[in-house]
Amino acid sequence: MKTALITGITGQDGSFLAEFLLEKGYDVHGTIRRSSVDYRERIAHLEGKPHFHLHYADLGDSMSIIQVIGKVKPNEIYNLAAQSHVQVSFDSPEFTADVDATGVLRILEAVRQCSLADTCRIYQASTSELYGKVEEVPQSEKTPFHPYSPYAVAKLYGFWIVKEYREAYNMFCCSGILFNHESERRGETFVTRKITLAAARIKQGKQDKLYLGNLSSLRDWGYAKDYVECMWLILQNKTPEDFVIATGEQHSVREFCYYAFKHVGIELEFKGEDADEKGYDKATGKVLIEVSKDFYRPTDVVNLWGDPSKAKKELGWDPTKKTSFEQLVKLMVEADMKKVAAESAAEYVKTNLAEYLEKGIVK
Ligand code: NAP
Ligand code: G4F
């Protein structure tokens, strides 16, 4: 039985990867952080399973990392932990650098110090944000990097330190340059999830309007569950190499809104330009989407489009056989429609609980 250690197991990708590796028969260990609120929602269904284990560790704390790696002695490490929000990285640049750049170094050094450099393979969660102010469209493994946020600059260090340890110490460590991937488990402040939640809330009368930033920004959006398979494939490869993982298709934020609202039965029509652009309900003329400059970034990456040919050729991973853009939007909207309906039902019961207890409807 192989042993895997996942940092960032409570995140979107960590939770899907843990499920994937458990199904493959791995003994799965994950790192979590102490928090005053419950943040284990995405992995709650895995807790208590025989081959699922959690350990406290923080990427800012070398000692905790050395301790967990020395104890678990993993065959594979998936370093997914990060301050992963690009806009937040402008507000917390030092923290982002510590976790997303130096944190990667801490993992690599811990593996060496625990004498696991010859046996432990390491996957680093790299990103299409490295292409930033893009110098070529679409972007492949050969496209020059031009990071365009504190997050991307930190991740660029992560990318290069992985390459350095591979060349200097002959370690099997690789970066997956993953383009945006989303799901029903996506954090609620990333644009796709913000849109699908708002579409569900607006449809169910729980929200009036959605405020967004740059509607023209272009992304190559895939499904997170399809992408975690690639993380594993990259570590099963004969040689340690870096791979672009993407769908090869590009859509705008505006388009994402159009399809998300379409799935709840609202046809959107966009009028106006830049900050004055608005999204109208075509049937009623009501404004449902407005632009707020609060969501503009000091530097914004606006043209991401991946070329996944290498992954297709060498790993056999074919995005055309995976979840399509429309299927992705649909599955996210459907999950959020259910979530909002459940929240409304719970709210209704809570409001009327005293009366129900009194009338004996609930005990
Ligand atoms: P996510 O949902 O934000 O999850 C991030 C994880 O990192 C969480 O488990 C979080 O723990 C953990 N974490 C944050 N700071 C930490 C620290 N100091 N020490 C230990 N753990 C820490 O992100 P995701 O979407 O799953 O992405 C996974 C990785 O892929 C990230 O490295 C991200 O930068 C990268 N990536 C993501 C995408 C994408 O489109 N999703 C694309 C390219 C690359 P808490 O739950 O305690 O906060
Ligand atoms: O959903 P986003 O916040 O994702 P972003 O910045 O592309 O970062 C995500 O993908 C990266 C891979 O390329 C990962 F490395 C990273 O960890 C993260 O998972 O924003 C997407 C685009 C941006 O251009 C942003 O300006 O949407 C635009 N946008 C427009 N309105 C908005 C909003 N983004 C957010 N978060 N909120 C808005 O209201």
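## Two residues with positive phi

Aspartate 274 sits in the loop between strand 13 (268-271) and strand 14 (278-281). The model is predicted. Phi of aspartate 274 is positive, near 45°, and this residue is not a glycine. Is aspartate 274 buried or exposed? Its relative accessible area is 60%. Exposed means over 50%, so aspartate 274 counts as exposed.

Lysine 73 also has a positive phi, about 45°, without being a glycine. Its place is the loop between helix 2 (62-72) and strand 4 (76-79). With a relative accessible area of 53%, lysine 73 is exposed.

## A cis peptide bond

Valine 137 and proline 138 are joined by a cis peptide bond. Omega there is about -10°. Proline 138 belongs to the loop between strand 5 (121-127) and helix 5 (150-169).

## Helix 1

Helix 1 covers residues 12-23. Its 12 residues should span 16 Å at 1.5 Å a residue. The end C-alpha atoms are 17 Å apart, which agrees.

Helix 1 is mostly covered, with 11 of its 12 residues buried. Among them are Phe16, Leu17, Phe20, Leu21 and Leu22. The buried set also includes Asp13 and Glu19. Glycine 25 follows helix 1 and has a positive phi, near 90°.

## Helix 6

Helix 6 runs over residues 191-203. How far apart should its ends be? At 1.5 Å a residue, its 13 residues should span 18 Å. The end C-alpha atoms are 18 Å apart, so the two values agree.

## Around ligand 2

Ligand 2 is surrounded by 24 residues. The closest are Thr127, Ser128, Tyr151, Ser217 and Arg297. By class, this shell has 9 nonpolar, 9 polar and 6 charged residues.

Which atoms make the polar contacts here? A polar side-chain atom of tyrosine 151 lies 2.8 Å from an oxygen atom of ligand 2. In the side chain of asparagine 180, an N or O atom is 2.7 Å from an oxygen atom of ligand 2. Glycine 213 uses its backbone: a polar atom there is 2.8 Å from a nitrogen atom of ligand 2. On its own, ligand 2 has 710 Å² of accessible area, and the protein covers 96% of this area.

Conventions
Residues are numbered from 1 along each chain as its sequence is written. Chains are lettered from A and ligands numbered from 1 in the order in which they are written. This is a predicted model: local features need pLDDT of at least 70, side-chain atom pairs count only at pLDDT 80 or more; totals for chains, interfaces and linings use all residues. Side-chain values use heavy atoms; hydrogens and water are left out. A residue is near a molecule or strand if one of its heavy atoms lies within 4 Å of it. A polar contact is a pair of N or O atoms within 3.5 Å; within protein, one must be able to donate a hydrogen and the other to accept it, and residues adjacent in sequence count only if both atoms are side-chain atoms. Accessible areas come from the Shrake-Rupley method with a 1.4 Å probe; for residues, only the protein chains shown count as cover. Ala, Val, Leu, Ile, Met, Phe, Trp, Tyr, Cys and Pro count as nonpolar, Asp, Glu, Lys and Arg as charged, and the others, Gly among them, as polar. Helices (H or I, at least four residues) and strands (E, at least two) are DSSP runs, numbered from the N terminus. The expected span of a helix is 1.5 Å times one less than its number of residues. Buried means under 20% relative accessible area, exposed over 50%, partly exposed in between (1.4 Å probe, protein chains only).
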